[in-house]
Amino acid sequence: MKKYIYKKPEVLLDTSSGFCGGCGHGIVTKIIAELIDEMGLQENGIIVWPIGCSCSAHRIFRMDQMIALHGRAPAVATGLKRVEPGKFIIVYQGDGDLVSEGMAEIMHASIRGEKFSVVFLNNAIYGMTGGQVAPTTLIGQYAKTAPAGRSPVNTGYPIGMAETLSHIRGVIYSERVTVTSPARIAAAKKAIRKAFELQLEGKGLSFVEVLSPCPTNWGMSPVKSLEWIEDEMTKEYPLGVFKDTENEVPQ
Amino acid sequence: MGEKVFMQGNMALAESAIRAGCKLFCGYPITPSSEVAEYFARAMVERPEEGITFIQAETEVSAFNMIAGGAAAGHRVMTATSGPGFDLGQEAMSYMCAGELAGVIVDIMRPGPGDGELMASQGDYYQVTRGGGHGDYRTIVLAPYTVQEMCELMQEAFVLAQKYNNPVVLASDGNLAKLMESVELPGYTEVPVPSEQRNAMRGCGKTREPHKVRTGMNGEAEVNERNLYLQSKFRRIAENEARFENYMTDDADIVMVCWGSFSRVCMEAMERAREEGIRAGLIRPITLWPFPEKAFEGLDGKKFLVCELNAGQMIDDVKLTIENKHDVYLFNRYGSSLPRPKEILAEIRKIAESLR
Amino acid sequence: MLKQPGLPCRQIPVNTLLRKNREEENSMNVVNVVEIDFERCKECGYCIAFCPKKALAKGTALNRKGYFPPVWTAGECIGCGTCGRVCPDAAITVYREE
């Protein structure tokens with residue numbers, strides 16, 4: 001008799017993802033898939049994907065899904081959730097989508113306190129287009145459009161979205177996590193579960209930022225990229241809960 | 001049909017949309033469209049039984065994408081804006097066509113380009129008929145000329161959008177938006193069940209095939225497949241949905257071509273011309289796309305006077321339709337106020353003179 | 001106390017868990033199995049890096065994607081499921097055969 005300790009979540013199809021080996025999207029989409037199974041979200045769930053590496057994940061999920069235009073996922077999700085408040089909307093975005101193109105959309109969805117969950121993958125680079133500088137790129141970090149390393153003179157300083165959004169009243173939960181070890185992955189899943197539970201309770205906007213490896217565009221092996229997150233990224237982007245309205249975590 | 005009222009164009013438009021079951025209005029204030037937004041905002045508060053959601057979005061970029069989301073869930077949705085706002089919505093126009101989403105967009109035109117002015121104009125004709133977004137797509141464009149017709153076409157817009165799973169544009173202008181007219185408001189219409197709409201985002205559960213809205217394409221084969229499919233849809237629309245009205249064209253020597261509220265000025269000019277013995281007629285396209293080619297059948301050899309409030313945009317479509325550049329004249333102004341019938345009459349007289 | 005995320009929540013002290021496993025293994029012939037989907041693996045190395053018992057190592061057989069999926073040694077494996085949980089491609093299944 002087989003007793004499963006771990007197997008591929010049921011909501012994931014047998015199709016292989018298009019992600020690079022070691023990609024953070026692989027880990028995070030898998031966490032989300034596990035939660036969809038555990039919390040029964042396939043029935044009423046809709047995933048709104050961004051334009052970015054992650055949107056190829058539509059091929060591996062057995063869910064109703066919409067790929068929004070670049071940056072517009074929070075706006076599309078607003079339309080969906082407002083006409084169908086009973087549906088469960090997962091908004092998934094990367095650096096370019098949320099922090100650049102979609103800055104207005106995420107800020108105003110937050111201001112309005114839209115009642116959906118946002119999972120934001122911060123890998124400090126633009127992945128899909130091949131490694132250009134992102135607003136989240138670290139100072140001195142190489143990128144194709146900052147070949148001498150990101151410089152504050154030209155491109156300003158990195159922005160922490162978990163902190164920034166935590167100052168907006170409509171955001172009721174904001175946490176930054178990462179996926180650099182089994183323990184970290186477990187904590188990330190706990191945070192995303194929290195964000196999902198808040199949506200099920202009719203509260204919003206809940207926001208989880210995930211520091212995530214991009215071995216390909218960082219020019220590192222996957223295991224090295226996990227180390228780079230722990231050593232370098234967490235200095236700029238500290239992990240932790242920045243807002244928890246229910247438990248009054250001070251901002 | 002409902003009650004007879006004396007109502008402002010914008011408000012009558014909003015009321016007709018509500019009675020057609022529009023559940024989501026997202027927009028950004030911009031003159032001369034803001035009354036539509038305000039009407040929906042009031043309806044959300046004062047008429048909770050209608051179940052309306054009004055969102056004042058941060059920008060038109062966002063507003064248009066919000067209605068794309070609402071349309072994806074199978075609901076009747078709309079936005080209303082003017083030229084500068086419609087500009088910002090162009091990515092979403094391309095997106096909604098590619099994603100087969102039934103959004104309804106009202107463009108209440110005002111003079112441009114740039115920030116421009118606030119009242120009557122027809123300067124967005126190219127933009128609404130050619131599409132200001134990228135790629136090969138088309139949208140039905142409905143062009144009412146009275147508040148009464150605007151109310152009817154407003155309700156038609158939702159039906160057509162959902163019939164073809166394609167966005168529909170209703171072209172109004174600052175004049176029609178603001179004027180108050182006697183109108184018999186349309187009644188409440190039947191509204192299709194959102195969960196039964198094709199490819200609706202509802203949550204698939206374990207049994208239903210997942211629905212997806214995906215506008216990206218992979219490889220040449222998919223580019224061809226998607227575009228051929230869309231083109232065949234646009235052909236079907238072109239064959240079935242072109243609308244127009246002809247006035248005294250059979251025996252006319254000079255046929256005016258005009259649309260929207262401006263056509264009412266032209267009709268006055270036509271009648272005065274007739275009184276002077278000039279055989280004038282008028283074609284009024286009611287759909288700007290598909291352009292009503294049938295309206296021009298049997299009118300070979302006549303002179304056409306295209307009257308528009310722009311630099312001359314619809315005149316291209318007239319020339320293309322009759323395959324003739326030489327018999328087409330232009331009367332144009334750049335908008336804001338409407339010209340007087342006598343100005344157009346002067347133009348008609350000139351053409352009539354040249355025919356003698 | 002080690003709480004294993006993702007598993008049914010029974011708080012059991014670590015040393016008794018391992019002892020119970022061995023007892024179970026001795027008395028009931030419990031066998032831990034790790035199945036790796038050979039064609040799905042992209043050789044990221046996370047399973048190898050995080051296995052607490054070093055039961056996984058880089059393989060020498062090439063899959064169709066051009067990667068070397070890991071090989072698993074049954075003897076050391078305690079069936080913790082960490083490899084399954086860290087794999088970004090959901091290429092690993094872990095179960096106990098009782």
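Mentor: The cover over the buried residues of helix H11 of chain B includes helix H6 (125–130), strand E11 (254–257), strand E14 (303–308) and strand E15 (328–332) of that chain. The model is a predicted one. H11(B) itself spans residues 314–322, and its buried residues are B:Met314, B:Ile315, B:Asp317, B:Val318 and B:Ile322. Around the helix axis these residues cover an arc of only 160°, and they therefore lie on the same side of H11(B). After the helix comes B:Glu323, which has a positive phi, near 50°.

Two packed helices are described by the angle between their axes and the distance between the axes. For helix H1 (residues 9–19) and helix H7 (residues 147–164) of chain B, the angle is about 30° and the axes are 8 Å apart. Angles under 35 degrees count as roughly parallel, and H1(B) and H7(B) are therefore roughly parallel to each other. Their crossing is right-handed. On the H1(B) side, the contact is made by B:Gly9, B:Ala12, B:Leu13, B:Ser16 and B:Ala17; H7(B) contributes B:Val147, B:Met150, B:Cys151, B:Met154 and B:Gln155. Classified by residue type, this contact of H1(B) with H7(B) comprises seven nonpolar and three polar residues, with no charged residues.

Chain C may be taken next. Its secondary structure consists of three helices and four strands, arranged from the N terminus in the order α-β-α-β-β-α-β. Of the 98 residues in chain C, 38% are buried. Among the contacts in chain C with a separation of 6 or more, 59% join residues 24 or more positions apart.

There remains the contact between chains A and C. Chain A provides 28 residues to this contact, and chain C provides 28 residues. On the side of chain A that touches chain C, at least two residues each come from strand E1 (2–6), helix H1 (24–39), helix H7 (182–200) and helix H9 (222–236) of chain A. E1(A) gives the largest share of that side, five residues. By class, the residues of the side of chain A that touches chain C are 15 nonpolar, seven polar and six charged.

Conventions
Residues are numbered from 1 along each chain as its sequence is written. Chains are lettered from A and ligands numbered from 1 in the order in which they are written. This is a predicted model: local features need pLDDT of at least 70, side-chain atom pairs count only at pLDDT 80 or more; totals for chains, interfaces and linings use all residues. Axes are lines fitted to C-alpha atoms, for helices over the stretch in contact, and angles run from 0 to 180 degrees between N-to-C directions. Angles under 35 degrees count as roughly parallel, over 145 as roughly antiparallel, 65 to 115 as roughly perpendicular and the rest as oblique. A crossing is left-handed if the near helix is turned anticlockwise from the far one by less than a right angle, and right-handed if clockwise. Two residues are in contact if their C-beta atoms, placed from the backbone, lie within 7 Å. Ala, Val, Leu, Ile, Met, Phe, Trp, Tyr, Cys and Pro count as nonpolar, Asp, Glu, Lys and Arg as charged, and the others, Gly among them, as polar. A residue is buried if 20 or more other C-beta atoms lie within 10 Å of its own, exposed if 12 or fewer, and partly exposed in between; C-beta atoms are placed from the backbone. The arc is that of the directions from the helix axis to the C-beta atoms.
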